[in-house]
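This report looks at how two chains meet and then turns to a single residue and its surroundings.

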Amino acid sequence: MEDKHMDVQDIIKPENRVYKKPALLNDTHMHYCPGCSHGVVHKLVAEVIEEMGAAEIAIGIAPVGCAVFAYNYIDVDWIEAPHGRAPALATAAKRLQPDKLVFTYQGDGDMAAIGTAESLHAANRGENIAMIFINNAIYGMTGGQMAPTTLLGMKTSTTPYGRRADLNGYPLAITGLMAQLDGTCYVTRQSVETPAAVRKAKAAIRKAFENSMHGKGTSVVEIVSTCNSGWKMTPADANKWMEENMFKKYPIGDLKNE
Amino acid sequence: MAKIRGAVTVNTERCKGCNLCVVACPAKVLSLQPKEVNNRGYHFAYMSAPDKCIGCSSCALVCPDACIEVYRVKVDE
């Protein structure tokens with residue numbers, strides 16, 4: 001019989017541990033701003049690869065953008081792609097080594113702007129890769145400029161009075177396009193702002209990676225994310241703003257699941 | 001009746017004081033250090049009410065820098 005007023009030090013023992021940093025996530029200090037969604041997604045990718053026992057066969061394709069240093073943080077093999085060309089590199093890697101787990105990690109600039117052609121055509125060809133798409137509706141790395149996914153009325157450093165449809169066009173929901181392509185087998189949109197959402201996002205990433213290994217076609221996991229520095233909010237406020245505004249244009253859920 | 005007790009440890013040098021764990025905690029266990037900072041100057045998170053922790057891992061799940069380890073134990077009353 002243990003005392004109900006047991007000391008905290010009695011609880012903190014290795015046999016009682018229920019959650020720890022995944023081993024594949026390096027000790028390197030991540031350069032992301034405090035509260036950035038990238039950190040959570042990196043953690044989920046590391047956890048999924050670890051749980052699948054795929055550390056030796058995983059090849060990640062890092063993008064250009066804030067996640068450019070992903071290869072410093074997750075301890076698997078990485079290729080750094082020129083801006084937007086991650087799906088093209090992933091195509092090559094997967095075709096040359098079909099038994100490897102090949103995934104891309106792309107931001108909204110990488111997938112929805114400069115790399116739209118590569119991304120859409122890789123998905124249309126049905127390459128057996130998984131694409132993780134971080135959509136935070138802004139160019140975080142270069143100083144908060146408007147991205148194709150920026151919402152109408154949203155203030156960025158290049159749309160200081162808010163995005164206007166007549167001047168800047170409409171926000172691009174690129175995963176909606178991908179869901180219509182015959183090459184994709186699984187297209188989903190997730191978020192990581194609450195513990196429940198994090199669990200769902202992890203399951204989605206796992207499914208995408210398994211699809212890639214089973215040769216079912218292209219899987220796309222969009223993570224609707226925050227960029228609290230670019231949005232000029234605190235991390236908690238940014239999460240709330242995302243729930244109130246981003247989810248209207250980018251509703252959470254599976255767009256395609258075959 | 002058995003009761004669940006939990007505890008967390010925070011890697012204070014890795015913590016960036018983003019406050020997301022404090023917001024996510026359903027039992028209001030965590031706070032940011034009001035004055036103390038780590039080597040990078042961030043007010044890191046700590047257990048301000050350790051007795052309330054239920055070991056649910058919510059804080060660790062939303063932590064972008066994976067600095068939280070969670071421990072859970074069943075206690076007989």
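## The contact between the chains

In this predicted model, 31 residues of chain A are in contact with 32 residues of chain B. On the side of chain A that touches chain B, the elements giving two or more residues are helix 1 (8-11), strand 1 (17-19), helix 2 (37-52), helix 9 (195-214) and helix 11 (235-249) of chain A. Helix 2 of chain A gives the most to this side, with 4 residues.

Sorted by class, the side of chain A that touches chain B is made up of 17 nonpolar, 7 polar and 7 charged residues.

## Strand pairing across the chains

Strand 1 of chain A, which also contributes to the side that touches chain B, is joined by 2 bridges to strand 4 (residues 68-76) of chain B, and the two strands run antiparallel. Within this pairing, A:Tyr19 has B:Val70 as its bridge partner in strand 4 of chain B.

Strand 4 (residues 101-107) of chain A holds A:Gln106. This residue counts as buried because 30 other C-beta atoms lie within 10 Å, where the cut-off for a buried residue is 20 or more.

When neighbours within four places in sequence are left aside, A:Gln106 is in contact with A:Pro63, A:Ala86, A:Met111, A:Gly115, A:Met131 and A:Phe133. A further pair can be described by its C-alpha atoms: those of A:Gln106 and A:Ala67 are separated by 7.6 Å, although the two residues are 39 residues apart along the chain.

How values were computed. Residues numbered from 1 in each chain as written. Chains lettered and ligands numbered in written order. Predicted model: local features only at pLDDT ≥ 70, side-chain atom pairs only at ≥ 80, totals over all residues. Contact = placed C-beta atoms within 7 Å. Nonpolar A, V, L, I, M, F, W, Y, C, P; charged D, E, K, R; others polar. Pairing = 2+ DSSP bridges. Buried ≥ 20, exposed ≤ 12 C-beta atoms within 10 Å, placed from the backbone.
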